Amino acid sequence: MTRPLRIVAVSGGLQRPSRAATLAEHLLDLIGEDVACEPHLVELGELAPQLAGALWRSQLPDSVERQLVAVEQADVLVVATPVYRGSYTGLFKHFFDFIHQDALVDTPILLAATGGSERHALVIDHQLRPLFSFFQARTLPLGVYATDRDFAEGRVHNEALIQRARLAVQRALPLLALSHRAAPAIAETAAIL
């Protein structure tokens, strides 16, 4: 029997409520409709006081270390960040600076971002994809970008965004299944060697 996928979402939102966290949770829910999974949300805004002053991973408290390990052991990542001055948040980058550089090799990653207007939509391709390319992760084909007006009452509201998110997940599902099936076979091969 195959275990459920460990899906970890990282929200770079610094405030609560956070549109980035709302979008990340929406994507987790969509994936959960089609795949047996164990979802986990990491909200960087909650970790900010413990994370911001650390220069080395050894300086981080256990609460942050547990979140880093969750990301490193995820079968699938969903990352969502607000856009500040044309890029992801500094805290988002600082968090991923602590991730081991080989921990995300071949990990499927669904990219998402939120911003005040459409002019920031290219952050997915010009900022997030290069960051996760460094980790040799598999960024999924469609990213999801949302503006402030796509949310209402703490939820994803815009029907076009809902459809794009659903399409991004549908296109990702074959890659998630392939990745998940390959993991036990790779582990068995490694054990034999």
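**Entry 1: Elements.** I counted six helices and eight strands in the protein. I note that the model is a predicted one. I then read the order of the elements from the N terminus, which is β-α-β-α-α-β-α-β-α-β-β-β-β-α.

**Entry 2: Overall form.** I looked up the radius of gyration and found 16 Å for the protein; a compact globule with 193 residues would have a value near 16 Å, so the two agree. I also noted the extent of the C-alpha trace, which spans about 55 × 40 × 25 Å along its principal axes.

**Entry 3: Interior and surface.** I recorded that 47% of the 193 residues are buried.

**Entry 4: Contacts along the sequence.** I considered the contacts between residues at least 6 apart in sequence, and 79% of these join residues at least 24 apart.

**Entry 5: Charges.** I looked up 17 positive and 21 negative charges in the protein. Their mean positions lie 4 Å apart.

**Entry 6: One histidine.** I turned to H94 and asked in which helix this residue is found. H94 belongs to helix α4, which covers residues 90–97. I next asked which residues H94 contacts, leaving aside its neighbours within four places in sequence. They are L51, A52 and A54. For L51, I found the backbone oxygen 3.1 Å from a polar atom of the H94 side chain. For A54, I found that the side chain of H94 reaches the backbone oxygen at 3.0 Å.

Methods:
Residues numbered from 1 in each chain as written. Predicted model: local features only at pLDDT ≥ 70, side-chain atom pairs only at ≥ 80, totals over all residues. Heavy atoms only, no water. Helix = DSSP H or I, 4+ residues; strand = E, 2+ residues; numbered from the N terminus. Rg over C-alpha atoms; globule rule 2.2 N^0.38 Å. Buried < 20%, exposed > 50% of the residue type's maximum accessible area, 1.4 Å probe, protein only. Contact = heavy atoms within 4.5 Å. Lys, Arg positive; Asp, Glu negative; His and termini not counted. Charge placed at Lys NZ, Arg CZ, Asp CG, Glu CD. Polar contact = N/O pair within 3.5 Å; in protein donor to acceptor, adjacent residues only side chain to side chain.
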